[in-house]
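Please keep the sequence and the 3D view at hand while you read along.

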Amino acid sequence: MEEEVQKYTVDDALIAMGSGKFQIYLLAYAGMGWIAEAMEMMLLSFVGPAVQAEWGLSPNKESMITSVVFAGMLIGSYSWGIVSDKYGRRNGFFITAIFTSTAGISSALAPNYATLIFFRFFVGLGLGGGPVLSSWLLEFIPAPRRGTWMSLFSAFWTVGTLLEASLAWIVMPSLGWRWLLAFSAVPSAVLLIFYQTAPESPRYLCRTGRTDEAVEILERIARLNQAELPPGILVSDHQVAKVFDLPSEDARLLSPNKGEIEIVDSLDSTSSPQKGTSVFTLLSPQLLRSTLLLWVVFIGNAFAYYGLVLLTTALSSSDNKCTPNHSPSESGKSVDVNYKNVFITSFAEFPGLLLSAAMVDNVGRKIYPTSVRTTGVGVASSMGRIGGMTCPLVAVSLIHGCHRTAAILLFEAIIFVSGVSVLLFPIETSGRDLSDEVSDMNQEVELT
């Protein structure tokens with residue numbers, strides 16, 4: 001009887017090879033994209049008041065400069081997630097980097113309010129691809145250490161906010177908001193420069209039948225990490241049984257079963273990238289609860305985070321007295337923001353990052369299956385942009401209406417609701433292999 005050929009999956013290979021130089025390079029690349037998004041978001045709190053003062057805009061028009069970016073992100077988050085699930089992660093973030101860098105520089109040259117709004121919308125459209133980069137990075141990380149690496153990735157956001165605060169501190173008093181917009185577009189351009197060195201996700205390649213290309217990338221990882229691939233041939237998770245006795249970085253690694261099991265991919269037709277219907281899978285009975293809760297979390301976090309950013313800038317102004325019924329003609333020549341204070345308060349994010357890094361692999365986390373991951377995160381991010389769009393309208397109105405205490409209490413209440421929603425997530429993924437398909441994830445839930 002012929003001996004059965006050994007098989008391994010992408011997760012098996014990543015666990016066997018461990019983390020090393022390859023993942024560090026990917027972290028730096030994806031982190032640059034996260035820095036770019038953070039800078040574009042942070043600058044909104046500086047540019048809005050400056051443009052309002054220079055062009056004599058009403059408070060509603062000032063808030064629209066921020067809201068239109070989130071409107072673009074709402075469309076972009078949804079669109080780029082689908083594109084990356086269907087055509088690949090690399091194609092997804094390549095297009096988004098083009099949009100962000102080009103529109104960012106163009107908005108710095110805007111001659112009037114309407115043109116500025118137009119280009120800022122396309123900046124937001126490009127920024128909507130942020131979840132693609134995070135999903136791309138996640139698919140190269142061994143299961144037991146995904147949480148820690150994603151916490152490290154999140155730290156680049158804080159780096160971006162600090163860079164933007166520093167840039168505003170230097171640029172705004174002397175050069176003005178146009179130069180701030182131009183300099184803030186540089187990180188997105190860096191992604192384009194090094195794009196050719198960024199590999200496609202082997203999980204995506206394997207799931208779409210491009211196994212040979214996936215093996216080449218895994219071999220590249222093995223060389224850089226000075227490790228070896230598992231023996232046998234590479235297969236997709238849902239095609240054949242897995243082998244779970246490979247060396248693990250963490251004894252707490254969970255698997256839905258030991259030995260060999262064949263999983264019937266009952267939802268393959270709805271999650272196939274070729275058919276492009278994975279967005280409807282998010283609302284299937286298997287994922288509906290996770291999807292709705294995730295939307296609540298993203299909307300709440302976006303509303304509260306960006307609201308507090310705008311509020312921080314307002315409270316850091318040297319002229320932070322309440323001025324109800326503010327009119328454009330009273331705006332004065334410029335807005336004197338204490339950029340030093342904004343820079344210092346930006347450091348407040350670091351304790352939270354350290355806490356999440358310490359907790360995420362020990363306490364837990366949640367993740368969609370591979371076939372709908374970037375679409376799922378992208379759609380959730382789109383929902384979050386609803387919170388981002390409404391936030392400036394509410395925050396600016398409350399600030400100009402002398403209701404700053406009410407604004408803070410509102411943001412705190414929304415954060416509390418988001419926290420409760422996280423506790424209600426049904427699927428724990430800490431230490432598990434990433435599920436390729438929805439049916440795989442369903443079986444894991446039943447077994448736990």
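**Ground rules.** I am working with a predicted model, in which local features need pLDDT of at least 70, side-chain atom pairs count only at pLDDT 80 or more, and totals for chains, interfaces and linings use all residues. Residues are numbered from 1 along each chain as its sequence is written, and side-chain values use heavy atoms, with hydrogens and water left out.

**Entry 1, the whole protein.** Helices here are DSSP runs of H or I with at least four residues, strands are runs of E with at least two, and both are numbered from the N terminus. Next I checked burial: 54% of the 448 residues are buried. Buried stands for under 20% relative accessible area, exposed for over 50%, and partly exposed for what lies in between (1.4 Å probe, protein chains only). Then I turned to contacts, meaning heavy atoms within 4.5 Å. Of the contacts with a separation of 6 or more, 85% join residues 24 or more positions apart.

Helix 6 covers residues 113–127, which makes 15 residues. From first C-alpha to last it reaches 21 Å, close to the 21 Å expected, where the expected span is 1.5 Å times one less than the number of residues. At its start, a side-chain oxygen of N112 comes to within 3.4 Å of the backbone nitrogen of A114. Which residues of helix 6 are buried? I noted Y113, L116, I117, R120, V123, G124, L125, G126 and L127. Those buried residues pack against several helices, among them helix 2 (21–42), helix 4 (59–87) and helix 9 (177–184).

I then followed helix 1 (residues 10–17) to helix 12 (residues 211–224): their axes come within 10 Å and cross at roughly 10 degrees. The axes are lines fitted to C-alpha atoms, for helices over the stretch in contact, with angles from 0 to 180 degrees between N-to-C directions. The two helices are therefore roughly parallel, a label for angles under 35 degrees. On the helix 1 side I found A13, L14 and M17, which meet L218, I221 and A222 of helix 12. The contact residues divide into 6 nonpolar, no polar and no charged. Nonpolar covers Ala, Val, Leu, Ile, Met, Phe, Trp, Tyr, Cys and Pro; charged covers Asp, Glu, Lys and Arg; the others, Gly among them, are polar.

Q226 lies in the loop between helix 12 and strand 2 (233–234). Q226 is not a glycine, yet its phi is positive, at about 55 degrees. Is Q226 buried or exposed? Its relative accessibility is 73%, so Q226 counts as exposed.

L26 sits in helix 2 and is buried, at 0% relative accessibility. Leaving aside residues up to four places away in sequence, L26 touches G31, W136, L137, F140 and P199. I also found 9.9 Å between the C-alpha atoms of L26 and F153, which are 127 residues apart along the chain.

V5 belongs to the segment before strand 1 (7–8) and is partly exposed at 45%. V5 and I233 are 228 residues apart in sequence, with 7.6 Å from C-alpha to C-alpha. F347, in the loop between helix 16 (339–346) and helix 17 (349–363), is partly exposed at 39%. How far apart in space are F347 and L162? I noted 7.4 Å, C-alpha to C-alpha, for a pair 185 residues apart in sequence.

Methods
Polar contact = N/O pair within 3.5 Å; in protein donor to acceptor, adjacent residues only side chain to side chain. Parallel < 35°, antiparallel > 145°, perpendicular 65-115°, else oblique.
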